[in-house]
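Here are a few exercises to work through with the viewer open. Try each one yourself before reading the solution.

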Amino acid sequence: MARMSNRTARIVKWAALPAALIISGVVVSQASYSAFTATTTNAGNNWNSGNLSLINDSASALFSVSNIKPGDWGSKCITVTAPKVVSGTTVAMNATVSAAGKSELNDLLAVKVTPGASCTPTTTPITFTPATTLASFITTPGVAAWSPAVDGASQKYLIEWVLNPAATTVNAGGKVSNIDFNWVANQGAGVQVPTPAP
């Protein structure tokens, strides 16, 4: 079989390049102009998330009492407002020992929290029982959750306390408890949001 000379091989190689370019141009041309096309757009979709916020009407601690003795008691009202809510919002109340605070009287102070539409400080003390101590309240508040349905909804809470009338100097004298009352809003489970009619 005859071999091509180097000169002939170079001519064939360089001649093949323009031919390949012409063929690829024809293929692209056929692909670009032989198909039908169509487009549709659904513009302007958007999603805006809601938010949660809580405030209360007390600028300072509800209770700041000193030199109390067995049997002393008190009560005050506080109003919690939810300026911003989303569907399914619930508000739960709890108590925690203040940061760097003490809990020396937690087993000797009874606490009762009553949520309601109105609130009037009481004129008689609550009954002290081991089940109503501040220590028990911190563990299990037992306050019914509140469900604000609209922005700006409010709930009043009556908070009562009493120092165990049977307390003694040995177990109650010179002791301190520092407590924070907290309200926590949760948005609840996600739900299917109805699509507006076109």
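**Exercise 1.** Leaving aside neighbours within four places in sequence, which residues is Met93 in contact with?

*Solution.* First, the ground rules: this is a predicted model, where local features need pLDDT of at least 70, side-chain atom pairs count only at pLDDT 80 or more, and totals for chains, interfaces and linings use all residues. Residues are numbered from 1 along each chain as its sequence is written, and side-chain values use heavy atoms, with hydrogens and water left out.

Next, apply the contact cut-off, heavy atoms within 4.5 Å. With those sequence neighbours set aside, Met93 meets Val113, Phe137, Pro141, Val143, Tyr157, Ile159, Phe181, Asn182 and Trp183.

**Exercise 2.** Is Thr89 buried or exposed?

*Solution.* Thr89 sits in the loop between β2 and β3 (90-97); strands here are DSSP E runs of at least two residues, numbered from the N terminus. Its relative accessibility is 3%, so Thr89 counts as buried. Now look for its surroundings: beyond four places in sequence, Thr89 touches Leu52, Trp146, Ser147, Pro148, Ala185, Asn186 and Gln187. Finally, a polar atom of the Thr89 side chain lies 2.6 Å from the backbone oxygen of Val86.

Conventions:
Helices (H or I, at least four residues) and strands (E, at least two) are DSSP runs, numbered from the N terminus. Buried means under 20% relative accessible area, exposed over 50%, partly exposed in between (1.4 Å probe, protein chains only). A polar contact is a pair of N or O atoms within 3.5 Å; within protein, one must be able to donate a hydrogen and the other to accept it, and residues adjacent in sequence count only if both atoms are side-chain atoms.
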